[in-house]
Amino acid sequence: MKKTPLRRCGKIGKANIEANKRLKEVFENTNIRSCEIKMEGCLGNWTLAFCHRHPRLWYNGDVEKLSDYKQVIIGCVSCHEKIDRDNDLLEKVFNKLRGKE
């Protein structure tokens, strides 16, 4: 097996890291600490992740957009996978929780 050094974090990777730091503060201040989606099979506050309205590439490394409260909800892995597979459901959930863009 060839040993090569790890690739350095690029512009988009650094933007994602900074956005995640900001989002942790935002959601800590709003007291949202469990899955907001709450679909069948929801895991509650276990395995939480930030669910973005659009794929991360859409934000093109813009920290302000990546960390915008209206562009992100918190969801458990189970609910996150369900809304990621269905764009109509994704929009429905975001419109209900955060309103239109």
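Modeller: Start with rings: those of Phe, Tyr and Trp (its six-membered ring) pair if their centres lie within 6.5 Å; planes under 30 degrees apart count as stacked, over 60 as edge-to-face and the rest as tilted. This is a predicted model, where local features need pLDDT of at least 70 and side-chain atom pairs count only at pLDDT 80 or more, while totals for chains, interfaces and linings use all residues. Residues are numbered from 1 along each chain as its sequence is written, and side-chain values use heavy atoms, leaving out hydrogens and water.

Colleague: Okay, how many aromatic pairs does a search of the whole structure find?

Modeller: It finds 3 aromatic pairs. Take Trp 58 and Tyr 59: they pair edge-to-face, with 5.0 Å centre to centre and 85° between the planes. Phe 27, Phe 50 and Tyr 69 make up one aromatic cluster.

Colleague: Are Trp 58 and Tyr 59 buried or exposed?

Modeller: Buried is under 20% relative accessible area, exposed is over 50%, and partly exposed is in between (1.4 Å probe, protein chains only). Tyr 59 has 2% relative accessibility, so it's buried. Trp 58 has 47%, so it's partly exposed.

Colleague: Which charged end sits over the ring of Trp 58?

Modeller: That of Lys 65, 5.8 Å from the ring centre. The rule wants NZ of Lys or CZ of Arg within 6 Å of the ring centre and within 35 degrees of the ring normal. Arg 98 does this too, lying over the face of Tyr 69 at 3.9 Å from the ring centre.

Colleague: And what does Arg 98 meet in a salt bridge?

Modeller: Its partner is Glu 36, at 3.0 Å, N to O. Glu 36 is in the loop between helix H1 (11-29) and strand S1 (48-52), and Arg 98 is in helix H4 (residues 87-98), so the pair ties together parts 62 residues apart in sequence. Helices (H or I, at least four residues) and strands (E, at least two) are DSSP runs, numbered from the N terminus. Both Glu 36 and Arg 98 are buried.

Colleague: How many salt bridges are there by the rule?

Modeller: There are 6 salt bridges, each needing a side-chain nitrogen of Lys or Arg within 4 Å of a carboxyl oxygen of Asp or Glu. One of them joins Arg 33 and Glu 28 at 2.5 Å, N to O. Arg 33 is partly exposed at 44%, and Glu 28 is partly exposed at 43%.

Colleague: How many residues apart are Arg 85 and Glu 81 in helix H3?

Modeller: They're 4 residues apart in helix H3 (residues 77-85), about one helical turn.
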